[in-house]
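These are my notebook entries on one structure. I looked up the strands first, then the packing.

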Amino acid sequence: PTPYGADIDGYVLAGKTAYRFNIGASGKPGGLEASTKWMADTLASVRARAPGEVPTEPGFCIDGGFIKGNENVYESVTIPMEPSDQPAVLITFNTSTPNAVDKKGLLKRQDEIAGYFNGDKDGFTALRRGKRSLNGIEGEESLTRATNDQGKIIHRFVFNSYYGSADNRRPAVDIEMSAGGPSNGTASPYTDEEAIKLWDSI
């Protein structure tokens, strides 16, 4: 149990590999039952996957396994990376499908935050903003320099693809890079030019 409901762990053995799944259950009426059913259904849909096997049925591939699903199942994967040769850098890659409809886009959402890009006096400076295409994936990027709680400079760069596709073969893609921590006192080790160069290389 947690203050907000409960955490549910589930375990299943597929082939020679054991998998662990976790889901948070809402404390609202019916929340525990719904999460328990999700866990049971997920565990029942896991099977082993042979090396190199590419399933033809709908679902999601995991290391050595496969989670059976259908074309209407929502999938989201987030991969955080901390490069050993890049101090104070966190890179986050997220992909999800089907896309939720987002008529605003990244830049308009940011513009609606009062004073978000009014210059250094508000703690944020836009280094580069606009539309960007990454290998045929259309979207928008926002590269920002900010000041953390300790007055140190940090960099936060974001790319969001355009949402709204119902095609599971064209998932939404979000990429973020932060250099320095927003509240832990760590400053970015890069100049603006160095941070932008690192972002473009990623």
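How many bridges pair strand 4 and strand 5 (residues 65–68), and in which sense? I found four bridges, in the antiparallel sense. I took strands as DSSP runs of E with at least two residues, and helices as runs of H or I with at least four, numbered from the N terminus. Two strands pair if DSSP finds at least two bridges between them.

**Entry 1: ground rules.** I am working on a predicted model, where local features need pLDDT of at least 70, side-chain atom pairs count only at pLDDT 80 or more, and totals for chains, interfaces and linings use all residues. Residues are numbered from 1 along each chain as its sequence is written, and side-chain values use heavy atoms, with hydrogens and water left out.

**Entry 2: the chain.** I noted three helices and eleven strands. From the N terminus, the order reads β-β-α-β-β-β-β-β-α-β-β-β-β-α. The chain has 202 residues, and 34% of them count as buried. Buried means under 20% relative accessible area, exposed means over 50%, and partly exposed lies in between (1.4 Å probe, protein chains only). I read an accessible surface of about 12600 Å², with 54% belonging to carbon and sulfur atoms. That area comes from the Shrake-Rupley method with a 1.4 Å probe. I also looked up contacts, meaning heavy atoms within 4.5 Å. Among those between residues at least 6 apart in sequence, 42% join residues at least 24 apart.

Entry 3: For a specific bridge, I picked Ile62, whose partner in strand 5 is Gly65.

I then checked the loop between strand 3 (46–48) and strand 4 (59–62), where Gly52 is found. Gly52 counts as exposed because its relative accessibility is 72%. Its C-alpha atom is separated by 9.2 Å from that of Gly64, twelve residues apart along the chain.

I followed strand 11 (residues 172–179). Six of its eight residues are buried. Strand 7 (residues 89–97) pairs with strand 11 over eight antiparallel bridges, and Ile91 stands opposite Met177. Strand 10 (residues 153–161) joins strand 11 through six bridges, also running antiparallel. There I noted Asn160 with Asp174 as bridge partners, and Arg156 with Ser178.

**Entry 4: aromatic rings.** I searched the whole structure and got one aromatic pair. The pair is Phe157 and Trp199, edge-to-face because the ring planes are at 85 degrees, with the centres 5.9 Å apart. My cut-offs: rings of Phe, Tyr and Trp (its six-membered ring) pair with centres within 6.5 Å; planes under 30 degrees apart are stacked, over 60 edge-to-face, the rest tilted. Phe157 is in strand 10 and Trp199 in helix 3 (residues 192–201), 42 residues apart. Phe157 counts as buried because its relative accessibility is 0%. Trp199 counts as buried at 7%.

**Entry 5: cores.** Which residues touch the most other members of the largest nonpolar core? I read Val89, Phe157, Met177, Tyr190 and Trp199, out of 14 residues. A nonpolar core is a set of buried Ala, Val, Leu, Ile, Met, Phe, Trp, Tyr and Cys residues joined through side-chain atoms within 4.5 Å. Strand 7, strand 10, strand 11 and helix 3 give two or more residues each. Apart from this core lies another of 13 residues, among them Ile23, Ala25, Met39 and Val46.

Leaving out residues up to four places away in sequence, Trp199 touches residues including Arg128, Glu141, Leu143, Phe157, Ile175 and Met177.
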